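Thanks for asking me to look this one over. My notes are below, in the order I would read them with the viewer open.

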Amino acid sequence: MKDMAISPDKFSGNTDNREIVINRLLDAPRELVFEAWTNPKHLVNWWGCQGFSSTFHHIEIKPGGKWHFEMNGANGVSFPNFVLFTEVVKPERLTYLHAADESYEPNFKVTVTFEQRGAKTWLTMRSIYATVAERDYAVKAFGVVEGSNQTMDKLELYLKSRFDLQNQLKINNVSRVTTYLNFSTQTEQAFNFYKSVFGTEFSGPGIARFGEIPPHEGMPALSEEDKKLILHIELPILGGHVLKGTDAPESMGFTLKKGDNMHINLEPDTREETKRLFDGLSEGGQVTMPLMDMFWGGYYGSFTDKFGINWMVNCSEEKK
């Protein structure tokens, strides 16, 4: 690829009438939201407007890093996109230049800021065009305002459905090991099957469904079918071991790959032990979620170890 021809002057000066600004208050801390924006494993699951999926050909999120992806429509049409990151300040800000072809000549500049507001994040995505005419054309021809809001809807739902109830149903701080399973839409069938074989009962309040998530402003409406899907379920099996599970449907932006849809879930009784296990097991592997305090109250992280095994660690001990 050629290096992008950067012309900063055309994106500077008075930009008020050349901007598109999208704001969203997200019910998650900014470290978590920033991670969803900068970890390709999460980004590919929610990026893009409704009705489109994303194919990532190359992504390197760092100053000077490039991102080449395609937006794939239901009609088989794909739209190539080329991005150059110019600023990555964790967890505060991302800035990048966007181009429509591999000449990498930018047609607009985007700055995304992440502002912590209590336990939530005020996200601002500001796009600057070279001229008023280019901005207006993007709005009318490509529906970028509506598309950007749909993308934020998908991010909001992804954060809610993937991270909201990681520690649900655990009512004490006793350490344990569980196995976390993901299915596209078959969690209920699978767990009823396991229940019939092991002869045990679902623990806690039983089955939690996506339709039970309290509605909040900006949250996209779920279909009646998606409302019936499993948000969380637990089943004791043998020797005190517990299977936990959730649905991860494509309709909510998830990409599920068989063989990569289960994690060993460690629930240590202390934060110190949680960090020791996380650091030791992840050495030489790939961290998918850094160990941090989460808005649901857990001290949580996830990774794939150097042998390709997926792990989660989640501690409910409060920070001292």
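The numbered points go from the whole chain to the sheet, the cores and then a few single residues.

1. **The whole chain.** Keep in mind that this is a predicted model. The protein chain contains 7 helices and 15 strands. It has 320 residues, and 47% of them count as buried. If you take contacts between residues at least 6 apart in sequence, 57% of those join residues at least 24 apart. The accessible surface is about 15800 Å², with 53% of it belonging to carbon and sulfur atoms.

2. **The seven-stranded sheet.** Look for an open sheet with the strand order S1-S7-S6-S5-S4-S3-S2 and antiparallel pairing. Which strands stand at the edges? They are S1 (19–26) and S2 (52–59), and each has a single partner strand, so one side of each is left without a neighbour in the sheet. From one strand to the next, the twist averages 25 degrees.

3. Strands S5 (residues 93–99) and S6 (residues 108–117) run antiparallel and are joined by 6 bridges.

4. Is H1 enclosed or open? Of its 9 residues, 7 are buried, so the helix is largely enclosed by the rest of the structure. The buried residues are Leu 32, Val 33, Phe 34, Glu 35, Ala 36, Trp 37 and Thr 38; note that Glu 35 is on that list.

5. **Thr 38, in H1.** Thr 38 is found in helix H1. Why does Thr 38 count as buried? Its relative accessibility is 17%, and buried means under 20%. A polar atom of its side chain lies 2.7 Å from the backbone oxygen of Phe 34. Beyond residues up to four places away in sequence, Thr 38 touches Ile 61 and Leu 94.

6. **The nonpolar cores.** The largest nonpolar core has 48 residues, and those with the most contacts inside it are Trp 37, Trp 46, Trp 47, Val 112, Leu 123 and Leu 155. Helix H4 (residues 144–163) supplies the largest share of this core, 6 residues. Another core, of 10 residues, lies apart from it, with Ile 230, Ile 233, Leu 235 and Ile 237 among its members.

7. His 58 is found in strand S2. With 37% relative accessibility, His 58 counts as partly exposed. Leaving aside neighbours within four places in sequence, His 58 is in contact with Lys 66, Trp 67 and His 68. The C-alpha atoms of His 58 and Phe 69 are separated by 6.9 Å, and these two residues are 11 apart along the chain.

8. **Strand S15.** How many residues of S15 (residues 310–315) are buried? The count is 6 of the 6, so this strand is largely enclosed by the rest of the structure. Asn 310, Met 312 and Asn 314 point one way, Trp 311, Val 313 and Cys 315 the other, and all are buried. S12 (residues 262–267) runs parallel to S15 and is joined to it by 3 bridges, while S14 (residues 299–304) pairs with S15 in the antiparallel sense over 6 bridges. Met 312 shows both pairings: Asn 265 stands opposite Met 312, and Ser 302 has Met 312 as its bridge partner. S14 and S15 form a hairpin with 5 residues between them, and Gly 308 in the turn has a positive phi of about 90 degrees.

9. **Thr 274, in H7.** Thr 274 sits in helix H7 (residues 271–282). It counts as buried, at 0% relative accessibility. Its side chain reaches the backbone oxygen of Thr 270 at 2.8 Å. Leaving aside neighbours within four places in sequence, Thr 274 is in contact with Pro 268, Leu 291, Tyr 299, Val 313 and Cys 315.

Note on methods: Residues numbered from 1 in each chain as written. Predicted model: local features only at pLDDT ≥ 70, side-chain atom pairs only at ≥ 80, totals over all residues. Heavy atoms only, no water. Helix = DSSP H or I, 4+ residues; strand = E, 2+ residues; numbered from the N terminus. Buried < 20%, exposed > 50% of the residue type's maximum accessible area, 1.4 Å probe, protein only. Polar contact = N/O pair within 3.5 Å; in protein donor to acceptor, adjacent residues only side chain to side chain. Contact = heavy atoms within 4.5 Å. Core = buried A, V, L, I, M, F, W, Y, C linked by side-chain atoms within 4.5 Å. Pairing = 2+ DSSP bridges. Axes fitted to C-alpha atoms, helices over the stretch in contact; angles between N-to-C directions. Areas by Shrake-Rupley, 256 points an atom, 1.4 Å probe, with all protein chains shown as cover.
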